Amino acid sequence: MEKDSIYLIGAGNHAKVVMTMLEVCGFACKGIYDDNESMWGKEIWNVPVLGPTTDLPDKEGIMAVIGIGSNQTRKEISERFENVVWPVLIHPTSVVHSSTRIGGGTVILPGCIIQADAKIGHHTIINTGAVVDHDCIIGNYCHLAPRCCVADGVAVDDGAFIGMGSVVIPYTHIASNVVLGPGSTAVKNLDSEGVYFGTPAHRVPKFLIPDAD
């Protein structure tokens with residue numbers, strides 16, 4: 001059976017992760033768009049980089065996925081297009097309860113567990129081995145890093161980043177654009193934008209996390 005064709009936006013390291021997802025989810029990657037001019041005309045795993053993201057046709061019947069780790073960049077790119085279809089990608093090794101609602105463009109990587117009545121927004125990354133417990137609400141353009149655990153009833157607002165191996169205790173609120181550092185534990189609401197680190201997590205004036213690509 002012929003595979004459905006899809007375009008990939010992004011040619012960085014995270015794009016390779018998403019390319020493996022396309023294969024196991026039954027899609028054929030037709031081409032890649034990236035705003036880094038030095039990538040144009042090159043290939044990643046025999047898939048050509050066709051040009052800048054603005055060259056992606058914005059018309060019905062076009063499917064695409066954004067393979068970029070930066071929450072803000074995914075938001076900016078997705079908002080340029082009105083007609084492109086953004087499918088949900090779920091790795092077959094992940095367990096996602098049938099009552100979960102997931103927005104277009106979201107990618108759920110290998111080994112994740114998403115429990116009953118969770119809600120996940122558009123263009124969010126649920127990275128390898130992450131756990132989202134029952135009745136959680138995860139917003140748009142979020143990134144839950146590998147092996148993090150978001151306990152039951154947690155609300156994570158748009159654009160938040162939950163770091164690798166971090167924990168959010170039940171019924172906690174994480175505000176928009178919060179960065180919870182790797183290995184940290186949120187034991188109370190993080191209600192204002194900023195960077196939080198430690199156990200218990202506390203706000204820090206500056207914590208350097210490499211930019212995602």
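My entries follow, topic by topic.

**Ground rules.** I am working on a predicted model, where local features need pLDDT of at least 70 and side-chain atom pairs count only at pLDDT 80 or more, while totals for chains, interfaces and linings use all residues. Residues are numbered from 1 along each chain as its sequence is written, and side-chain values use heavy atoms, with hydrogens and water left out.

**Aromatic pairs.** I searched the whole structure and got two aromatic pairs. My criterion: rings of Phe, Tyr and Trp (its six-membered ring) pair if their centres lie within 6.5 Å; planes under 30 degrees apart are stacked, over 60 edge-to-face, and the rest tilted. Tyr-7 and Tyr-33 have ring centres 5.6 Å apart and planes at 55 degrees, so I logged this pair as tilted. The pair links distant parts of the chain, as Tyr-7 sits in strand E1 (residues 4-9) and Tyr-33 in strand E2 (residues 27-33), 26 residues apart. Strands here are DSSP runs of at least two residues, numbered from the N terminus. Tyr-7 and Tyr-33 are both buried; that means under 20% relative accessible area, with exposed over 50% and partly exposed in between (1.4 Å probe, protein chains only).

For Phe-81 and Trp-86, the ring centres are 6.1 Å apart and the planes are at 70 degrees, so I put the pair down as edge-to-face. Phe-81 is buried at 11% relative accessibility, and Trp-86 is buried at 15%.

**Sheet.** Next I traced an open sheet of five strands, in the order E3-E4-E2-E1-E5, with mixed pairing. Pairing requires that DSSP finds at least two bridges between two strands. Which strands stand at the edges? They are E3 (43-44) and E5 (64-66), each with a single partner strand, so one side of each has no neighbour in the sheet. E2 pairs with strand E4 (residues 47-51) in the parallel sense, over two bridges. I also looked up Ile-32, and its bridge partner in E4 is Val-49.

**Val-131.** I found Val-131 in strand E13 (residues 131-132), partly exposed at 24% relative accessibility. Leaving aside neighbours within four places in sequence, Val-131 is in contact (heavy atoms within 4.5 Å) with Ile-113, Cys-148, Cys-149 and Val-150.

**Cavity.** How many cavities of 30 Å³ or more does a search of the whole structure find? I got one. A cavity here is a set of points on a 1 Å grid over the protein atoms alone where a 1.4 Å probe fits but cannot get out, and lining residues have an atom within 4 Å of a point. The volume is the space filled by probe spheres set on the points, which are joined across faces, edges and corners. The largest cavity holds about 30 Å³. Its lining includes His-14, Ile-66, Arg-74 and Thr-124.

Thr-199 and Pro-200 are joined by a cis peptide bond, omega about 0 degrees. Pro-200 is in the loop between strand E23 (195-197) and strand E24 (202-204).

Asp-135 is not a glycine, yet has a positive phi of about 65 degrees. I placed Asp-135 in the loop between E13 and strand E14 (137-138), and it is partly exposed at 39% relative accessibility.

Tyr-141 also has a positive phi, near 60 degrees. Tyr-141 is in the loop between E14 and strand E15 (143-144). Buried or exposed? Tyr-141 is buried, with a relative accessible area of 11%.

Notes. Helices (H or I, at least four residues) and strands (E, at least two) are DSSP runs, numbered from the N terminus. On a 1 Å grid over the protein atoms alone, a cavity is a set of points where a 1.4 Å probe fits but cannot get out, and a pocket is an open set with protein on both sides within 12 Å along at least five of seven lines; lining residues have an atom within 4 Å of a point.
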